[in-house]
Amino acid sequence: MAIGTLITLRAGATLWTRSSSRTLNFASSFVHRRDKRNISIKSSSFDPPDVGRLAETARISLTPQEVEEFGPKIQQVVEWFGQLQAVDLDSVEPAIRSDIDGDNFREDVPRTFGNREAIIAGIPSYEEPYIKVPKVLNKE
Amino acid sequence: MASLLYRGLQIRPLLIYPSPLLFTKKAGVFCCTSKCLQTQSLTQDKPQSQAKISTRNQDKGLDKILQHYETIIGIETHVQLSTLTKAFCGCAYNYGAQPNTNICPVCMGLPGALPVLNSKVIEFAVKLGLALNCKLSLNSKFDRKQYFYPDLPKGYQISQFDIPIASNGYIDLDLPVELGGGHRRFGITRVHMEEDAGKLLHSEGGSHSEVDLNRAGVPLLEIVSEPDMRNGIEAAEYGAELQRLVRYLGVSNGNMQEGSLRCDVNISIRPIGQSEFGTKVEIKNLNSFSSISRAIDYEIVRQAEFHSQGLSDQIVQETRLWDEGAQKTVTMRKKEALSDYRYFPEPDLPEVILTEEYVASIRDSLPELPEMKRRRYEQMGLSMQAVLFLANDVNVADFFDSTLAKGADAKLAANWIMGDIAAYMKNEKASVSDIKLTPSELAELIDSIKSGMISGKIGKEILFELIAKGGTVKGLIKAKNLVQITDPAEIEKIIDNVLAANPKQVEQYRGGKTKLQGFFAGQVMKESKGKANPGLLNKILLEKLNAKS
């Protein structure tokens, strides 16, 4: 399961005060069992993930067993990233983005894509000239 | 690459937290108004316009309601930009093109495709932000707004969430004279860049729906107003002024019918004196400025019903659709919960960085905006009606300004444009760019009448030909021999002929029927083929008529 880079915290989350000096590498955190960790936690800083809701918002179907299984694993990953909380940001100017590449623009000049037929051919239910989808009544 | 996110409710940004990686979750309701609880409405001339509105709405009982309740209105507007290509790919966009022809892997959201920003989008965003007197964010970014819908190929919309490119501005406008007039200033909360979704159509028979992705990826600017409007007229005029503005700037054609200008209205009412805001209702599917006005009037009445019966807590916070046929708002199917858009920074797009030089160069290139034109025209001494008419369409204003540049008098030029020329354009459904009359010829016409070379009546006739077929004033005068007769002797001759030809009427006139002067004047005009100077005509005619009595 690929992991994104964003973490959201509950408002008023307690910061980590001491993180373990051991570095967790990515792979090991995955198979690592909770009880073996040494990280001191003032209180549970993160809500346990609502896996059912996460799956629903991502439109991924999970069996009840998978829901139960994934919860702790997701929690682990989040807490692993949570180590970043220990960094002192008081004197750091917030960055909007973390890239260094800078501008990447296009001129406003039309270019026709050369292989529209291939795109159309890849549409599972195409009824010229529209893409056919199940009847939609209302947004979400 | 899937992303793991904790729950985050969609909020209007109230504060920007300092840490870049973390968003705070706020138990926030959709509320562009919550930030503005303390906002003072900057309206002036309020009592006058309220009185005028009450006469208009007498039959709706609206004035009675307005005595007890205050209406708070905010508007979200989406402006489709008239760039040649889409926001993030090189596909062209042509309204009305065959479905699914302006597409490519990027706007179709096919795997592996990456967005590249169209530089024109930033230019238009900065233009509009400056024109709306906003503060620009020299550093901003794009975010993903995630939800599933068949017209959204990527499963997310690239938008700007917490750092819009422009914010904290205002717009000045004048209410139409016939609706009470008055100057207003409404706040602009923010302006941000985003992309449009495709079009969803419902098939006959209702067995399935159909998607056209031509429009997916077309650049939009979303303009969110402060909740400063207080009635349907103000809201409608706000929409009209935005349309005027985007057309003046050339960033959009601002057509509500085509969908290049879309307005969603947020409205709540509260008893006058109450500090708490009432429940906010959103209204969509407004296709014209008059619909905006009527929908608001309807909704005020509907919400007041609840309040008057003490059931204000039963007003549901929801989105309603305006039903143009039935002239009422109706509930959309209620959503189960607030939408969770899981905003996060768009990883495929870099930061948007504006330099001071760039902003300055765009600021210098801004045309004269509608508000500035109106104030300039007002100072010329034109009536408010003329000011609003001339400044409404930038092409008409340019025509007027060009005519003035050739030396014409402002009031006379305004009268011609608002009168005969506007009438022609209306009848023939022509725009000012279609007519053959040029500003210099209009100036020439005005001058010819002023100098007495031709009469006003002849002027009107020439005008029609100039508009329809073009040509020059001097040319037409010569060709049709239209020079006004100002030689008293010549006029006298014609009058003598007319009097001699109508002895009976002369008798009657001298017997007391002085109204017959008009008859004689008409006959003289006819004889002279309309060329007699009216003033001289009547002077000499009177002398002759009264001479022998």
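In the predicted model, Asp174(B) is buried, its relative accessible area being 6%. This residue forms a salt bridge with Arg374(B), in which the closest N and O atoms are 2.9 Å apart. The pair connects distant parts of the chain, since Asp174(B) belongs to strand E8 (residues 166-174) of chain B and Arg374(B) to helix H8 (residues 370-379) of chain B, 200 residues apart. Arg374(B) likewise counts as buried, at 2% relative accessibility.

A further salt bridge is found between Arg375(B) and Glu378(B), with the closest N and O atoms 2.8 Å apart. These two residues are 3 residues apart in helix H8 of chain B, so that about one helical turn separates them. Arg375(B) counts as partly exposed, with a relative accessibility of 23%, and Glu378(B) also counts as partly exposed, with a value of 36%. Through salt bridges that share partners, Arg375(B) and Glu378(B) are joined into one network with Asp174(B), Glu237(B), Glu241(B), Arg244(B), Glu371(B) and Arg374(B).

The burial of helix H8 of chain B was then examined. In H8(B), the residues Pro370(B), Glu371(B), Lys373(B), Arg374(B) and Tyr377(B) are buried. When the helix is seen down its axis, the buried residues of H8(B) fall within an arc of 160°, and they therefore line one face of the helix. The elements that cover these buried residues include strand E8, strand E9 (183-195), helix H5 (232-249), helix H9 (384-392) and helix H10 (394-405), which belong to chain B. Just after H8(B), a positive phi of about 95° is taken by Gly381(B).

Elsewhere in chain B, the side chains of Glu70(B) and Arg270(B) meet in a salt bridge, with an N to O distance of 3.0 Å. Glu70(B) lies in strand E2 (residues 69-80) of chain B, whereas Arg270(B) lies in strand E13 (residues 261-271) of chain B, so this pair ties together parts that are 200 residues apart in sequence. Glu70(B) counts as partly exposed, at 21% relative accessibility, while Arg270(B) is buried, with a relative accessible area of 11%. Over all chains, the count of salt bridges comes to 38.

In chain A, a nonpolar patch on the surface is formed by Leu84(A), Val87(A), Leu89(A) and Val92(A), which together have about 340 Å² of accessible area. Of these residues, Leu84(A) is located in the loop between helix H3 (64-81) and strand E2 (105-106) of chain A. Leu84(A) is partly exposed, with a relative accessible area of 45%.

Conventions:
Residues numbered from 1 in each chain as written. Chains lettered and ligands numbered in written order. Predicted model: local features only at pLDDT ≥ 70, side-chain atom pairs only at ≥ 80, totals over all residues. Heavy atoms only, no water. Salt bridge = Lys/Arg side-chain N within 4 Å of Asp/Glu carboxyl O. Helix = DSSP H or I, 4+ residues; strand = E, 2+ residues; numbered from the N terminus. Buried < 20%, exposed > 50% of the residue type's maximum accessible area, 1.4 Å probe, protein only. Arc of directions from axis to C-beta. Contact = heavy atoms within 4.5 Å. Patch = residues over 30% accessible without salt bridge, like charges linked within 9 Å, V, L, I, M, F, W, Y side chains within 5 Å. Areas by Shrake-Rupley, 256 points an atom, 1.4 Å probe, with all protein chains shown as cover.
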